[in-house]
Amino acid sequence: MENTSKNINRREALRRTALVMGTALSASTVAGIMQGCKAEPELAWTPAYFDEPQAKFVSLMSGTIIPKTATGGAREAGVPGFIEAMVSKVFQEEQQKEFADGMAACMAWCNDQAGNEFIYLDEEKQLELAQGLDNAAKAQRLGIGEAPDDDQTKQAADFFWVMKELTVTGFFTSEVGATQVLQYKAIPGTYEGCIPLSEAGGKTWAT
Amino acid sequence: MNLNIKAKEQQTYDAIVVGTGISGGWAAKELTEKGLKTLVLERGRMVEHLKDYPTMNKAPWELPYGDRLPAEEAKDYYVQNRTGYTVRQSTKHFWIKDTEHPYTEVKRFDWIRGYHVGGRSLMWGRQSYRLSDMDFEANLKDGVAVDWPVRYSDLSPWYDYVESFIGVQGQNEGLPQLPDGKFLPAMEMNCVEKHVKESIAKNFDDRILTMGRSANLSQNHNGRSRCNYRNLCTRGCPFGAYFSTQSSTMPAAVATGNMTLRPHSIVTEVLYDKEKGKATGVRILDAETGETMEFYAKIVFLNASALGSTWILLNSTSDVFPDGMGNGSGELGHNLMDHHFRVGASGNIDGFEDRYYSGRRPSGIYVPRFRNVNEQRTDYIRGFGYQGGASREGWQRSVAELGVGRQLKEEVTTPGEWRMGLTGFGECLPYHENHVKLTTDKVDKFGLPTFVIDCEFKENELTMRKDMMQSAVDILEASGAKNIQTYDNIGGPGLGIHEMGTARMGRDPKTSVLNKWNQLHEVPNVFVTDGAAMTSAGCQNPSLTYMALTARAADFAVNELKRNNL
């Protein structure tokens with residue numbers, strides 16, 4: 001907490017919003033604000049399908065899987081909005097339900113692990129949780145390492161696998177991911193089948 | 001009265017071509033270039049070269065939903081979607097909506113279609129292989145179905161002719177089972193494909209690996225630009241660098257001034273004059289207005305696709321032809337074939353970590369048929385070829401192989417392992433009981449009868465598949481591959497999108513529908529030169545053979561017209 005007055009202002013703003021919207025803040029949101037160690041995450045798009053906690057969770061989880069470095073990460077590339085579009089429009093009803101249930105399990109798992117909601121944790125802790133989920137998912141799906149045995153972790157890991165799939169798909173088909181992190185040529189012009197990696201641009205082709 | 005005569009004159013041409021896909025475009029080009037005023041009928045909408053390729057220049061991030069279809073929209077494509085690759089944001093406008101074109105599956109049959117000018121010539125895989133005498137003689141030697149009425153020597157000059165016009169890149173290999181052709185320089189193989197080619201040469205004396213022969217231009221050709229290695233062919237090519245009706249045959253037909261193209265024209269039957277014993281033209285249903293019209297001509301070419309052409313003939317009934325035009329043999333609608341595929345193996349190849357490629361080549365490699373060529377197997381007849389290729393794994397490996405966070409982002413920039421894949425394409429025998437028939441129990445939105453399709457792969461195909469998988473493993477093992485994975489996911493017939501047969505060629509009118517010139521035995525001025533004509537399937541991708549049969553039949557038809565024989 002560096003700026004108490006700012007925090008108070010934000011709290012005040014939230015209170016006003018709640019009044020305007022005529023809705024009460026959820027207990028967990030209030031807990032997060034009261035703890036106040038991390039700013040309420042901002043959304044880069046207006047969710048139409050996810051509710052606000054879901055949208056924030058998807059946003060920060062995708063940003064943890066592919067963070068901003070010298071190049072933009074998942075959030076900068078619009079991946080959270082992509083994920084919402086995929087889940088709300090492309091997924092079948094059954095997959096949508098699985099995704100929502102899985103997300104709830106994953107949120108709860110993170111809470112149990114860290115004693116706070118994922119979205120209010122610092123980046124280091126978020127990364128640690130994502131790594132734990134990634135390992136659990138790989139163990140479960142690929143038999144690499146020790147698979148989780150409790151239902152909540154299993155469900156959280158399954159959700160994470162889908163979440164990671166959506167995140168990398170959204171990111172590496174985005175302009176930032178394809179052209180800045182990987183390399184992309186709209187019109188290669190020629191084909192060279194067997195050249196040194198360095199002469200082929202030195203990086204993975206996006207397509 | 002005068003008005004009627006004039007109207008009839010206006011609806012009279014020298015020739016009518018039904019369909020504008022691979023073979024229809026060829027019929028249009030050949031007939032118009034030989035001076036025939038030709039009406040070309042297409043059941044679907046107009047697709048103009050370049051103008052109607054809305055996605056041809058779209059980058060990945062310009063396609064919504066990562067190029068996938070929303071679930072609600074995908075419902076319309078419940079059969080087309082079975083391929084797993086055809087219906088995308090970038091290509092959906094070229095595939096029919098199954099909700100609009102229903103049929104009945106007695107057993108699963110995946111009928112994958114595009115109804116528009118250019119047909120599947122726009123979305124085809126472009127693989128272009130000749131059949132050989134091993135194929136043309138196969139039925140006779142095996143005592144299967146009926147003998148082809150032609151041999152390789154009949155088609156060879158026509159293969160030369162069509163290859164020279166469309167442009168096929170590839171390598172001559174001097175194989176009796178896969179004849180050489182008139183090829184543009186072959187596209188290059190990548191490091192691992194070259195390695196597997198060498199490994200095969202070292203370890204096997206019955207098989208080779210060659211560049212897949214495809215109708216992609218490796219150099220400028222006939223006024224068309226060479227390939228620019230985007231590998232986005234199925235969206236329509238801004239360079240006209242692969243063969244399609246639009247890029248190749250249609251411009252040639254238009255240039256003659258002899259072609260009238262009429263989209264939205266569903267041909268419902270071929271008209272027959274009992275006195276003359278000939279067809280007089282066709283009846284159409286205008287898909288936009290619902291109006292019924294008739295057009296007349298001296299000859300009719302049916303190029304509506306194997307099942308499309310057979311549908312028209314089965315629907316052309318009269319007292320002379322109660323079971324469909326030209327169906328005296330009872331074989332019309334029978335002997336439906338497709339290639340069976342989706343079986344093979346892939347594996348990682350080490351040792352080329354410092355090598356990569358640049359550009360996206362639009363064709364893979366090919367391992368021509370090597371079974372039942374010299375030695376005869378006892379477990380199955382005929383054979384298969386492999387299509388495939390090697391590439392380095394890309395970002396798709398992130399989920400299973402890479403971690404998360406900054407680490408993922410760094411690791412993904414180095415290309416992953418080299419992986420070589422081989423997919424078998426096998427011959428399917430012509431079985432009389434694999435057939436289609438018309439029903440009025442289910443009609444389409446125009447009230448027209450629909451197909452009941454009853455087709456399955458049988459023991460010869462299923463036995464062959466075991467070898468298709470194992471031989472792929474053998475090749476990969478001989479190439480030092482690791483982590484070899486096999487697969488066999490047969491799906492339904494039709495998935496190969498190589499429907500063949502149902503109006504087969506043959507020597508005897510009692511057992512076949514078409515003669516050696518692709519004329520209906522019973523109605524000599526009606527020609528069928530698409531996949532319906534196939535007497536057997538071979539294991540090669542068949543489109544090039546349709547082109548050669550079409551050019552040959554058109555030449556014959558025009559000569560016969562000149563001699564007043566038609």
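In chain A, 56% of the contacts with a separation of 6 or more join residues 24 or more positions apart; a contact means heavy atoms within 4.5 Å. The model is predicted, so local features need pLDDT of at least 70 and side-chain atom pairs count only at pLDDT 80 or more, while totals for chains, interfaces and linings use all residues. Residues are numbered from 1 along each chain as its sequence is written, chains are lettered from A and ligands numbered from 1 in the order in which they are written, and side-chain values use heavy atoms, with hydrogens and water left out.

**View 1. Overview of chain A.** Helices (H or I, at least four residues) and strands (E, at least two) are DSSP runs, numbered from the N terminus. Of its 207 residues, 45% count as buried. Buried means under 20% relative accessible area, exposed over 50%, and partly exposed in between (1.4 Å probe, protein chains only).

**View 2. The interface of chain A and chain B.** Chain A contributes 58 residues to the contact and chain B 48 residues. The buried area is about 4500 Å², with 64% of it from carbon and sulfur atoms; this is the accessible area (1.4 Å probe) that two parts lose on being put together, summed over both. A:Tyr191, A:Cys194 and A:Thr204 supply 16% of the area that chain A buries against chain B, more than any other three residues.

**View 3. Helix H8 of chain B.** Eight of the eleven residues of H8(B) (residues 245-255) are buried, among them B:Thr245, B:Met250 and B:Ala253. The buried residues pack against helix H2 (22-33), helix H6 (152-166) and strand E5 (259-262) of chain B. Just after H8(B), B:Gly257 has a positive phi of about 75 degrees.

**View 4. The surroundings of B:Asn327.** B:Asn327 is found in the loop between helix H9 (306-314) and strand E9 (343-349) of chain B. The residue counts as buried because its relative accessibility is 11%. Leaving aside residues up to four places away in sequence, B:Asn327 touches B:Leu314, B:Leu332 and B:Glu522.

**View 5. A salt bridge in chain A.** A:Lys56 and A:Glu40 meet through their side chains in a salt bridge (2.5 Å, N to O). A:Lys56 lies in helix H3 of chain A and A:Glu40 in the loop between helix H2 (27-35) and H3, so the pair ties together parts that are 16 residues apart in sequence. Both A:Lys56 and A:Glu40 are buried.

**View 6. Salt bridges in chain B.** In the salt bridge of B:Arg151 with B:Asp147, the closest N and O atoms are 3.0 Å apart. B:Arg151 is buried at a relative accessible area of 16%, and B:Asp147 is buried at 13%. The side chains of B:Arg361 and B:Glu193 also meet in a salt bridge (2.8 Å, N to O). B:Arg361 lies in the loop between strand E10 (355-358) and strand E11 (365-367) and B:Glu193 in helix H7 (residues 191-203), so this pair ties together parts of chain B that are 168 residues apart in sequence. A network of salt bridges links B:Asp206, B:Arg207, B:Arg371, B:Arg377, B:Asp379 and B:Asp467.

Definitions and conventions:
A salt bridge is a side-chain nitrogen of Lys or Arg within 4 Å of a carboxyl oxygen of Asp or Glu.
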